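Me: I am new to this structure. Please show me how to read a few of its features.
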Amino acid sequence: MNISKTLKSFKGGVHPKEFKFLTEEKSFEILPTPKEIFIPINQNLGKPPKILVKKGDEVKCGDLIAEADGFISSPIHSSVSGKVIKISKEINVNGFPVQTIIIQSNENEENNFLPKLNLENVTAEEIINRVKEAGIVGLGGASFPTHVKITPQKDKPIDLVLINACECEPYLTRDYRLILEKTNELINGLKLIMKALNVRKGIIGIEDNKPLAIEKLNNVIKNFEEIEVKVVKTKYPQGAEKMLIKAITGREVPPKKLPFDVGVAIQNVATAISIYEAVVEGIPMITSTLTVSGLGINEPKNLIVKNGTPLKNIIEFCGGIREDSVKIVVGGPMMGVSQFDLNVPVMKATSGILVLTKDEVNSFNETNCLRCGMCVDVCPLNLIPTRLARFSQLERYEDANLFGITNCMECGTCAFTCPANIQLVQWIKLGKQKVIQMLNQKSAQLN
Ligand code: SF4
Ligand code: SF4
């Protein structure tokens, strides 16, 4: 019997070349602390935090430099010890100017971390407060403040904590290496989330292209009845929350609803490990773990870097870029953002930096839509990407809304498959922003 045929998955999706071989055997290395760190304030979905420091202030590594402004907001801590030399608007990895605290590091490497809490005795309330205090955000890409996702809601009972260990984006091996190198921290992070939410069942969902990680996890969890490893088929975007929940539990998260609405709390591997480190070791979110890969980088690596490190320092540490490189992307190749300035800094949720050559990027010209329907066949959310993109081009935002443009998760599957090379996701993203603005204006008028 072919076991892979029996594995669970979802309708649609694609199989891009993985390129994981470039870094999957590379253990984490620590990047030396840069001389200057650029910490953008907007690192969470929701309200940005309020800056607490000013030019000339001395800070230690772990000091609070911006405090949360409301429930859906996350604090920021200094990732180095040194002096604040400037606070100004600087371009971030998404291409927007945002308030940024620039710190010149000194050689003292002085830390000011949070008190350590006891893994066995810590209470649910202490876990939630610590996750908030440590500034933890979701590291799967969304950067949603994690304390919100581990706070129980009376009207939405949760019966399962699901760890998303799929890492379905090509090239990226950060989560894979974390599973291998920090297995106990991951399992304990999962147990802490289960305790915070008072949930008895934990599942780690992982794609079948990671046999070593599956074996390691199965070895560690054999003494924990409440935790299970479930293997799913390797297919993009299997790591999208809704796709993984469907494959593992059979539950469908309806459009405009969240995992909480179907009784599931889902967290990424790196986030669960950060929770463990914040609670048990008292370390706030001051570093990013990421993969630097692509055929255009001389020495692909997995790295631990300080939050706010400029891309140029990281690329230099990885031996620089090859002459035939044509594109630099932050994130994975399917959902990542192209970069034009290597001075921009990594943020908490930066999972990868890719330097790609001509052979790795689609450089064919766009042609007219062939009406082949392939984008419709592969969309995991049953949307009609060709129509959504067209509505966006024609500025028909009411129609785009009717056809569910705001449900698009921007996974890039449709664009990947399009034989006419139409920039479907770019158009859909733009249309989605316009529709959200339109809906916000309408609701403001009603109020
Ligand atoms: S980007 Fe949006 S429309 Fe395209 S496949 Fe993904 S969910 Fe569907
Ligand atoms: S895949 Fe491309 S060419 Fe085919 S229908 Fe969709 S947009 Fe048109």
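Reply: Start with serine 74, which touches Asn44, Lys47, Pro49, Ala68, Gly135, Ile136, Val137, Pro145 and Lys348, leaving aside residues up to four places away in sequence. Contact means heavy atoms within 4.5 Å. This is a predicted model, where local features need pLDDT of at least 70 and side-chain atom pairs count only at pLDDT 80 or more, while totals for chains, interfaces and linings use all residues. Residues are numbered from 1 along each chain as its sequence is written, chains are lettered from A and ligands numbered from 1 in the order in which they are written, and side-chain values use heavy atoms, with hydrogens and water left out.

Me: Is serine 74 buried or exposed?
Reply: Buried means under 20% relative accessible area, exposed over 50%, and partly exposed in between (1.4 Å probe, protein chains only). Serine 74 counts as buried because its relative accessibility is 1%.

Me: How are two packed helices described?
Reply: By the angle between their axes and the distance between the axes. Here α5 (183-197) and α8 (269-280) pack at about 80°, with axes 7 Å apart. Therefore α5 is roughly perpendicular to α8 (65 to 115 degrees). Axes are lines fitted to C-alpha atoms over the stretch in contact, and angles run from 0 to 180 degrees between N-to-C directions. Helices (H or I, at least four residues) and strands (E, at least two) are DSSP runs, numbered from the N terminus.

Me: Which residues of α6 are buried?
Reply: In α6 (residues 211-221), they are Ala213, Ile214, Leu217, Val220 and Ile221. On the other side of α6, Pro211 and Leu212 are exposed.

Notes:
Angles under 35 degrees count as roughly parallel, over 145 as roughly antiparallel, 65 to 115 as roughly perpendicular and the rest as oblique.
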